[in-house]
Amino acid sequence: MLALVPLGVFWALLDTRRVGHERVAIKPTKFALSIAVYLLTVAWMLHYVRPARLESGLVQLATWGLLIGATVEFLCIVGQAARGRRSHFNRATPLDMAISTLMGVLAILFVGMLLPLAWEITARPRADTAPLMAAAIVAGLVLTFVFGALTGSSMARLGTATVGSSGARITRDERRRTGLRLRLAHFCGIHAMQAMPLIAFLALRVGGQAAALLLVAGTIGYSVITLTLLFRPTFPEAWLAIGAAPATDRS
């Protein structure tokens, strides 16, 4: 995936077609980088699994599920970009809808495979693993699963919403602003698996005996930020736009 990033940049320079406001090659390039970071993080986390368990069925299921899910999802994104079509939440044609649905299923697989890894690190960590770091990794994996599912489903519902916060047809500006907030929430959610270990690393370095409390505080704070971006207390128009989706005409 990292090797594909410069190829994507080269593609973007040559291909001037656009989907929305960006060139068709931009999304595949961004996803190549994002998937690379995701899988590299998982590879690092596998070092915290007891070595004898790396060949177990559960760990193999998680790793192969992630690899297959990432590969097929990326091929869908590249294929749609090559066709000059939007990949996510595209219901314009039966083929677009089928690809979008497949990507939604793969996204569930992509985050769902984090749970077996979280279980292995919880139940059978390496003998020399620092308990605080193991707790942070497990918290990050679980939060990524929960927040990834919540924000992903909310973005999907926004993609089919036709009524905005005022009760009138949703405007392009309202959709853009709501979509931006949901994308920020989604970014925070899927990067919890990196954020929690980073918080633990800093807590172990500067917290001393208060390291565990710092990790708890950081986890709560990170969760509050993500949920505030997603739900109603701060951004009511986002929540109303999403909540209106099931009752709208999707034709």
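Colleague: Start with Ser100: buried or exposed?

Modeller: Ser100 is buried, with a relative accessible area of 14%. Buried means under 20% relative accessible area and exposed over 50%, with partly exposed in between (1.4 Å probe, protein chains only). Keep in mind that this is a predicted model: local features need pLDDT of at least 70, side-chain atom pairs count only at pLDDT 80 or more, and totals for chains, interfaces and linings use all residues. Residues are numbered from 1 along each chain as its sequence is written, and side-chain values use heavy atoms, with hydrogens and water left out.

Colleague: Which element is Ser100 in, and what does Ser100 touch?

Modeller: Ser100 is found in helix 4. Leaving aside residues up to four places away in sequence, Ser100 touches Ser87, His88, Phe89 and Asn90. Contact means heavy atoms within 4.5 Å.

Colleague: How do helix 4 and helix 5 pack?

Modeller: Helix 4 covers residues 94-112 and helix 5 covers residues 114-123. They pack at an angle of about 5°, with their axes 5 Å apart. That makes helix 4 roughly parallel to helix 5, a label for angles under 35 degrees. The axes are lines fitted to C-alpha atoms over the stretch in contact, and angles run from 0 to 180 degrees between N-to-C directions.

Colleague: Which residues meet there?

Modeller: Phe110, Val111 and Gly112 in helix 4 meet Leu114, Leu115 and Pro116 in helix 5. The residues of this contact divide into 5 nonpolar, 1 polar and no charged. Gly counts as polar in this scheme.

Colleague: New topic. Which residues of helix 1 are buried?

Modeller: In helix 1 (residues 4-14), the buried ones are Val5, Gly8 and Ala12. They sit on the same side of helix 1, because they cover an arc of only 55° around the axis. The arc is that of the directions from the helix axis to the C-beta atoms.

Colleague: What's on the other side of helix 1?

Modeller: Pro6, Leu7, Phe10, Leu13 and Leu14 are exposed there.

Colleague: And what covers the buried residues of helix 1?

Modeller: The cover includes strand 2 (22-23) and helix 2 (26-45).

Colleague: How many helices and strands does the chain have?

Modeller: The chain has 10 helices and 2 strands. These are DSSP runs numbered from the N terminus: helices are H or I, at least four residues, and strands are E, at least two. Buried residues make up 42% of the 251 residues in the chain.

Terms used. Angles under 35 degrees count as roughly parallel, over 145 as roughly antiparallel, 65 to 115 as roughly perpendicular and the rest as oblique.
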